[in-house]
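This briefing looks at aromatic packing, the nonpolar core and a few local features.

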Amino acid sequence: MSSGAIPKKYIIDTCCYMDLDGIHPRPQYTCSESERVKIWKGIGALGKQDRVYLISHIHDELEQHYPNPLPDHFHSLPIIKTGLGVPDLTNDVVGILATHPSLIKASMRHTKDPADPWIIAAARKNGCIVVTNELPRRSTAKCKIPDACDDLGVKCLRFEAFVQAEGLL
């Protein structure tokens with residue numbers, strides 16, 4: 001990063017954490033144990049710099065997939081509150097779902113209030129880049145996070161690109 005440049009901020013999707021920790025049933029990103037430790041150390045440092053965030057919805061999803069309690073590496077990450085108690089984000093989520101309703105249809109099998117539209121709304125509000133391992137579908141009938149981000153002007157990276165951009169390996 002050049003001097004005077006504004007540091008990039010990120011919201012990382014649940015699937016990336018699950019891939020990194022080897023618990024996703026269909027991982028899109030894999031690495032060795034030593035690389036995993038190094039990446040987690042880097043993510044933790046970025047969290048302490050207020051550059052990597054969890055949102056409440058991702059925290060809730062992680063609690064569904066990880067053994068209790070959550071691993072220590074999540075505790076250094078600041079949390080952005082999401083949900084119906086946050087009116088400006090709720091209004092943005094309603095707008096996102098009005099134009100991208102299929103964004104949550106597949107997710108509804110796993111949770112009643114999927115994180116995907118909240119990730120995008122929180123990233124927009126907080127000037128963050130969305131990091132996900134979802135692949136774009138280029139279809140409104142089966143919209144994924146990268147599709148909605150592209151349509152809404154929110155920058156979106158694959159996890160591997162984030163790791164490389166931040167020099168975590």
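A residue is called buried when its relative accessible area is under 20%, exposed when that area is over 50% and partly exposed in between, using a 1.4 Å probe and protein chains only. By that criterion tyrosine 29 is buried, with a relative accessible area of 9%. The model is a predicted one, in which local features need pLDDT of at least 70 and side-chain atom pairs count only at pLDDT 80 or more, whereas totals for chains, interfaces and linings use all residues. Residues are numbered from 1 along each chain as its sequence is written, and side-chain values use heavy atoms, with hydrogens and water left out.

**Aromatic pairs**

- The structure holds 7 aromatic pairs, where rings of Phe, Tyr and Trp (its six-membered ring) pair if their centres lie within 6.5 Å, and planes under 30 degrees apart count as stacked, over 60 as edge-to-face and the rest as tilted.
- In one of these pairs, the ring centres of tyrosine 17 and phenylalanine 74 are 5.2 Å apart and their planes stand at 75°, so the arrangement is edge-to-face.
- Because tyrosine 17 lies in helix 1 (residues 14–20) and phenylalanine 74 in the loop between helix 3 (56–65) and strand 3 (79–80), this pair ties together parts that are 57 residues apart in sequence; helices (H or I, at least four residues) and strands (E, at least two) are DSSP runs numbered from the N terminus.
- Both tyrosine 17 and phenylalanine 74 are buried.
- The rings of tyrosine 29 and phenylalanine 159 have centres 5.0 Å apart and planes at 80°, so this pair is also edge-to-face.
- Tyrosine 29 sits in the loop between helix 1 and helix 2 (33–48) and phenylalanine 159 in helix 8 (residues 159–165), so the pair ties together parts that are 130 residues apart in sequence.
- Phenylalanine 159 counts as buried at 0% relative accessibility, and one aromatic cluster is formed by Tyr10, Tyr29, Phe159 and Phe162.

**Nonpolar core**

- The largest nonpolar core has 50 residues, of which Ile11, Tyr17, Ile43, Phe159 and Phe162 touch the most other members; such a core is a set of buried Ala, Val, Leu, Ile, Met, Phe, Trp, Tyr and Cys residues joined through side-chain atoms within 4.5 Å.
- Helix 6 (residues 116–126) gives the most to this core, with 6 residues.

- Aspartate 92 lies in helix 4 (residues 87–99) and counts as buried at 18% relative accessibility.
- Leaving aside residues up to four places away in sequence, aspartate 92 touches Ala121 and Arg124, contact meaning heavy atoms within 4.5 Å.
- Just after helix 7, glycine 153 takes a positive phi of about 75°.
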